[in-house]
Amino acid sequence: MPKKLLLLAPLSACSALRVPRARPAAPPAMNAARTGYRVFSANSTAACTELAKRITERLGAELGKSVVYQETNGETRVEIKESVRGQDIFIIQTIPRDVNTAVMELLIMAYALKTACARNIIGVIPYFPYSKQSKMRKRGSIVCKLLASMLAKAGLTHIITMDLHQKEIQGFFSFPVDNLRASPFLLQYIQEEIPNYRNAVIVAKSPDAAKRAQSYAERLRLGLAVIHGEAQCTELDMDDGRHSPPMVKNATVHPGLELPLMMAKEKPPITVVGDVGGRIAIIVDDIIDDVESFVAAAEILKERGAYKIYVMATHGILSAEAPRLIEESSIDEVVVTNTVPHELQKLQCPKIKTVDISLILSEAIRRIHNGESMAYLFRNITVDD
């Protein structure tokens with residue numbers, strides 16, 4: 001009986017015929033779990049969440065779920081009610097009258113999001129608090145720089161703000177700061193809502209505000225006027241480090257040291273540089289808080305022949321008796337943006353009007369999240385705006 005021969009194929013041929021095994025799927029990358037961005041409000045009151053709701057409506061997003069409240073002992077507590085791991089988080093914080101509580105809410109929420117593994121934490125702070133305390137005053141402190149350090153320590157990686165009182169404040173931060181401008185919205189209001197605005201003149205209520213007023217006047221092709229000599233307490237008049245230490249009577253002076261004597265300042269009579277007779281006067285500034293200086297400027301402009309007076313500012317803080325003083329003054333209308341909640345003041349004074357700036361804030365959020373350039377939001381913007 002013939003033997004059967006078993007032919008063995010070479011090893012290389014067998015391996016070629018072998019069906020490869022399916023490899024297990026690789027685990028998803030860490031960034032694949034990121035679904036996008038979330039927008040939170042650092043204050044739960046209705047007045048402060050209004051701007052946040054406007055922004056989220058424009059973005060087509062929902063406001064993040066969180067709880068911010070004050071305990072009976074005065075402490076601030078923040079609870080994040082959803083996962084934020086790997087996402088870009090935008091915290092919108094408008095500054096109400098209780099500034100210190102608003103700052104603590106922002107710090108605690110930023111730290112809570114940091115510990116919850118948020119990818120980036122961007123603070124949207126339309127009005128940056130303590131911005132007036134950005135220079136040394138005698139033996140005081142630069143509080144604005146302290147606040148910048150606290151925000152960085154809490155976990156913020158970026159800030160969106162609007163019309164900083166001093167643009168040099170951006171240098172206090174160790175992370176990027178986008179200082180947006182409200183002037184395009186205010187200029188649009190002048191052109192669309194002020195009848196016969198071509199007969200207007202832009203007014204600076206002090207020489208310090210002359211650059212801003214000049215920028216508005218050049219864009220609108222209008223005249224410029226500056227009020228000089230009013231009794232004001234501007235930053236230039238306040239004591240700074242050059243007066244520290246204070247002068248001491250009968251101080252011992254080195255015999256060979258004779259410094260020239262500094263002449264004391266003396267206010268000149270109040271004058272208006274520019275013609276406002278028979279025109280609409282539009283006073284522009286960045287902040288309107290204590291309105292005494294604006295009321296005094298309005299009285300001077302009335303005496304010089306202005307028949308209608310508007311006051312325009314980015315941040316309408318309107319502290320203390322501001323609504324009552326405006327209502328009783330010669331000011332016809334006060335126009336501010338909604339960077340600061342002022343619904344209560346509007347109920348007390350119908351002269352106060354609001355311009356919505358949620359459009360530019362929402363666009364800034366969208367561009368930062370998508371990694372797009374911010375240059376479009378600064379078109380034709382100058383340093384003086």
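Which strands does helix α5 (residues 183-193) lie across?

## Basis of the model

This is a predicted model: local features need pLDDT of at least 70, side-chain atom pairs count only at pLDDT 80 or more, and totals for chains, interfaces and linings use all residues. Residues are numbered from 1 along each chain as its sequence is written, and side-chain values use heavy atoms, with hydrogens and water left out.

## Sheet

Seen in order, the strands β10-β9-β8-β11-β12-β13-β14 form an open sheet of 7 strands with mixed pairing. Its edge strands, β10 (271-273) and β14 (352-355), each pair on one side only. On average, neighbouring strands of this sheet are turned by 25 degrees against each other, direction ignored. Two strands pair if DSSP finds at least two bridges between them. Helices (H or I, at least four residues) and strands (E, at least two) are DSSP runs, numbered from the N terminus.

Strands β11 (residues 280-288) and β12 (residues 308-316) run parallel and are joined by 8 bridges. D285 has A313 in β12 as its bridge partner.

## Helices on the sheet

Helix α5 lies across β11, β12, β13 (333-337) and β14, at about 155 degrees to β12. Helix α7 (residues 292-303) lies across β8 (200-204), β9 (223-228), β10, β11 and β12, and runs at about 165 degrees to β11. Axes are lines fitted to C-alpha atoms, for helices over the stretch in contact (heavy atoms within 4.5 Å). Angles run from 0 to 180 degrees between N-to-C directions.

## Cysteines

The structure holds 0 disulfides (pairs of cysteine sulfur atoms within 2.5 Å). C144 is buried, with a relative accessible area of 0%, while C117 counts as partly exposed at 36% relative accessibility. Buried means under 20% relative accessible area, exposed over 50%, and partly exposed in between (1.4 Å probe, protein chains only).
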